[in-house]
Amino acid sequence: MATSVNPYLIFNGNCEEAFLFYKSVFGGEFPYIGKFKDMPANEDGGCAEISEKDANRVMHVSLPIGDTILMGSDSNEQSGDVAFGGNFSVSINVETTEEADRIFNGLSANGTIYMPMNKTFWGAYFGMFKDKFGISWMVNFDENQK
């Protein structure tokens with residue numbers, strides 16, 4: 001699998017509705033759709049408890065469209081609502097943890113790191129940040145690649 005770049009859209013509670021609409025237009029199936037209530041507790045205290053209001057919001061959804069994967073999630077009380085125009089990230093998927101670290105460290109220099117690169121409960125090595133120009137990025141290495 002080569003490095004790929006995919007759009008990641010953030011919504012204020014209507015992500016599922018939006019992605020059902022996109023699916024009706026593009027066709028296909030969701031390989032994954034998860035809600036915040038499905039997240040396991042984080043033993044190191046890094047993940048805040050999810051409120052009842054946020055429990056049924058979408059934590060992550062993906063919809064393959066050709067060679068691109070449209071991805072999305074809802075905001076939550078911890079992150080706050082997003083303003084339209086600032087409600088997307090560029091998601092970079094790479095082939096190794098070393099490549100993930102290289103890209104993350106390079107692009108996040110002088111930016112704001114929201115989530116340092118780390119192993120996740122969904123089996124990826126993942127991090128998020130906003131670069132020095134205000135663009136939001138996600139870097140992901142799927143450890144269980146085929």
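Where does Glu29 lie? In this predicted model, the residue sits in the loop that runs between α1 (15–26) and β2 (32–35).

**The chain as a whole**

Let's step back for a moment to see the setting. The chain has three helices and eight strands, and these follow one another along the sequence as β-α-β-α-β-β-β-α-β-β-β. Its radius of gyration is 15 Å, close to the 15 Å that the globule rule gives for 146 residues, so the chain is as compact as a globular protein of that length. Along the principal axes, the C-alpha atoms fill a box of roughly 35 × 35 × 30 Å.

Of the 146 residues, 38% count as buried. The accessible surface comes to about 8,700 Å², and carbon and sulfur atoms account for 53% of that surface. Among contacts between residues at least 6 apart in sequence, 55% join residues at least 24 apart.

**Around Glu29**

Glu29 counts as exposed because its relative accessible area is 56%, over the 50% cut-off. Setting aside neighbours within four places in sequence, Glu29 is in contact with Lys23, Ser62, Leu63 and Pro64. With Lys23 there is also a polar contact between the side chains, at 3.3 Å. Val82, on the other hand, is 53 residues away along the chain, and its C-alpha atom is separated from that of Glu29 by 26 Å.

Helix α1 also holds Phe26. Together with Phe21 and Val25, Phe26 forms a nonpolar patch on the surface, with about 340 Å² of accessible area for the three together.

**Salt bridges**

A search of the whole structure finds four salt bridges. Among them are these:

| Pair | Closest N to O distance |
|---|---|
| Glu16 and Lys35 | 3.0 Å |

The Glu16 and Lys35 salt bridge links distant parts of the chain, with Glu16 in helix α1 and Lys35 in strand β2, 19 residues apart. Glu16 is partly exposed at 32% relative accessibility, whereas Lys35 is buried, with a relative accessible area of 17%.

Arg57 and Asp54 are both buried. Arg102 and Glu99, by contrast, both lie in helix α3 (residues 97–108), three residues apart, or about one turn of the helix. Here Arg102 is exposed, with a relative accessible area of 53%, while Glu99 is partly exposed at 25%.

Notes
Residues are numbered from 1 along each chain as its sequence is written. This is a predicted model: local features need pLDDT of at least 70, side-chain atom pairs count only at pLDDT 80 or more; totals for chains, interfaces and linings use all residues. Side-chain values use heavy atoms; hydrogens and water are left out. Helices (H or I, at least four residues) and strands (E, at least two) are DSSP runs, numbered from the N terminus. Buried means under 20% relative accessible area, exposed over 50%, partly exposed in between (1.4 Å probe, protein chains only). Contact means heavy atoms within 4.5 Å. A polar contact is a pair of N or O atoms within 3.5 Å; within protein, one must be able to donate a hydrogen and the other to accept it, and residues adjacent in sequence count only if both atoms are side-chain atoms. Patches are made of residues with over 30% relative accessible area and no salt bridge: like charges are joined within 9 Å, nonpolar side chains (Val, Leu, Ile, Met, Phe, Trp, Tyr) within 5 Å. Accessible areas come from the Shrake-Rupley method with a 1.4 Å probe; for residues, only the protein chains shown count as cover. A salt bridge is a side-chain nitrogen of Lys or Arg within 4 Å of a carboxyl oxygen of Asp or Glu. The radius of gyration is taken over C-alpha atoms; the globule rule is 2.2 Å times the number of residues to the power 0.38.
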